[in-house]
Amino acid sequence: MGIILGVLEQGLIFGIMALGVYITYKILDFPDLTVDGSFPLGAAMSALLITHGVNPYLTLLISFAAGVLAGICTGLIHVKLKVRDLLSGIIMMTALYTINMVVAGKANVPLFSKETIFDNSFINNIFTGEMANFKTLIIVLILALACKFLLDAYLKTKSGFLLRAAGDNDVLVTSLAKDKGLVKIVGLAIANGLVALGGSVMAQQQRYFDISMGTGTIVIGLASVIIGISLLRGLTFLRSTTTVLIGSILYKACVAIALAKFPPTYMKLITAVLFLIILVISMQLKKKVKTND
Amino acid sequence: MKKKMLAVILSMTMAAALLGGCGNEQKESSAAKEPAATEQPAPQADDPQAAKEPEEAGDNASSEENKPASGLVEGDFTIGISQFAQHGSLDNCREGFLTGLAEEGFIEGENLTVEYQNAEADMGIVNQIPQGFVSNKVDLICAIATPAAQSAYNAAMNSGIPVIYTAVNDPVGAELAKEDGMPVGEVTGTSDKLPVDAQLKMIRELLPDAKKIGIMYTTSEVNSESTIAEYEAAVGQYGFELVTTGINTTADAPLAADNLLSKVDCLNNLTDNTVVSALPTILDKANTQKIPVFGSEVEQVKIGCLASEGIDYYQLGIKTGKMAAQVLKGEKKASEIKMETITGSELYLNTKVADDLGISLPDDVKSRASETFTEIQMAE
């Protein structure tokens, strides 16, 4: 039971991050490596603000804003300075390492004695007794669903349609007399905002910030998006955003299985094999292989 | 269409095989570190543990040979060990921990089940490991290194499962202990704080004319930062000046080493994981310029540091294991045990390095060395 709870919690926290990766990778068709820096940026922001006594819920919004700024920077580097997409992400990721260090003040900031979104008098009064075990999951679920529905709603606005057009057919955006560069910047901003929000939630759940917590974020994000989108392709009644959240949970479940059943040295290999199996199954499921994947 | 799918599968399998290859290599290298302990319990000169405590090194070989002083403790216990990364010192800690438990009557395979997990330095996984332990309702979690300890305490906080940590450099800074060393909850353990004064004193003895000590550290490791702060406070007393260089990854090490070596009379190495990984490169550069490099623990002296006044991670592990035994027996709660730091230090020397550098080692230093190596072991 506890292990399932853990997988759901971790899966949904990383799911918020994966929603951001979904925007860049799937909608904008932009391989954005900024996330390895913006995920810990959100965490560093939260660590800084929480240690200074700021309301933990407010830190979520500020972390989101910090991520938006990081995304705008990546966008400006790419659009205005004409740096290739992959490179502009790498540049921002590298720069953010220092920014994160400066923001947090040191490489590891513990938050054990502080109030977080999961542990404050208000929440502890609502969740008492047996319910206390589920409070993290419920809060994470609310946050993840809120992000999902807001993102769904946004994608239906005019700006959201332009975003989707920019990824599929940017000539269309230009022909509508819109600046496709601006659309990309907006997309990157929202994406990195979500990633930083995920980082903020992560730091508050694990109760510490560590500078190395961003390493490999992009791998988890891409894996979640790909697992979710390709495995659940057949279930057309689910929105892509929902499948991304499920994909993230499935990825964490793979890791949990690898951890529980096999010797520690083999963990990465087992995770890779499980990932492969899921991909192969999903390829069998779908009718034709997409050529540009 | 089929071909394309085949190609995808093939490339994924190759990638998986590559990953697997790396994993195996690590496993072999960690096994190669304790040849005497795993193959034959007889003491051998190249194995410090076997040479110093032959009877304890025997514990690693087979638990049947082990004779706990107090006899087996009644009952069936399960512990989870969450180790942050594969690393010589951390592995020694873990072995010491199990030996410490065995000496107190908890023997793996008899009355003790050990679930060992290694996060391979992945911050996402280091979180998931203790959650698994908590859901399996283990009796105790042993966490090795700072991030593992913080995650374990966070996961176990509400379940009442005690956490015993080791190799946490600064438990107070990590908010695992209060200023006076008492735990903040059901969490206690041992710190691997380096004996800074002893090390500086030893460097002064070996190099009476040296003025500047260089230290390379990784900016992402808090342990290194807090140790450097201690060095900064202490170097003055011994007439040294401190020069530091921060790096981010092992890839930065060669350039940083060149820069640092041009400014200093000797290098001093901490237990900084990234720098330790790059140590062979640094040693190579330092040797060509005849600049001595001091280590912080025995493994570093083995591969070519001149000397180290460091702590013995195996002993640290034993101490931690005994703390865990107290908690398992129910003698004390984790929250009642003060966190501990090893006070003594062990001197290790490498005479081959001294000869190469043309440094004569004073006899009194030689005589108090816990162990002297006469050759440089090739780094794995």
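**Reading a sheet and a chain contact**

Modeller: In chain B, 4 strands form an open sheet with parallel pairing, in the order β7-β6-β8-β9. Helices (H or I, at least four residues) and strands (E, at least two) are DSSP runs, numbered from the N terminus. Two strands pair if DSSP finds at least two bridges between them. This is a predicted model: local features need pLDDT of at least 70, side-chain atom pairs count only at pLDDT 80 or more, and totals for chains, interfaces and linings use all residues. Residues are numbered from 1 along each chain as its sequence is written, and chains are lettered from A and ligands numbered from 1 in the order in which they are written.

Colleague: Which strands of chain B stand at the edges?

Modeller: β7 (241-247) and β9 (293-294) of chain B do; each has a single partner strand, so one side of each lacks a neighbour in the sheet.

Colleague: Which helix packs on the sheet?

Modeller: Two residues are in contact if their C-beta atoms, placed from the backbone, lie within 7 Å. Helix α10 (residues 253-261) of chain B touches β6, β7 and β8 of chain B. Axes are lines fitted to C-alpha atoms, for helices over the stretch in contact, and angles run from 0 to 180 degrees between N-to-C directions; the direction of α10 makes about 160° with that of β7(B).

Colleague: How many residues does the contact take from each chain?

Modeller: Chain B gives 42 residues and chain A gives 40 residues. On the side of chain B that touches chain A, α1(B) gives the most, with 11 residues.

Colleague: How does one read residues 57-79 of chain A?

Modeller: This stretch is 100% helix and 0% strand, with its end C-alpha atoms 33 Å apart.
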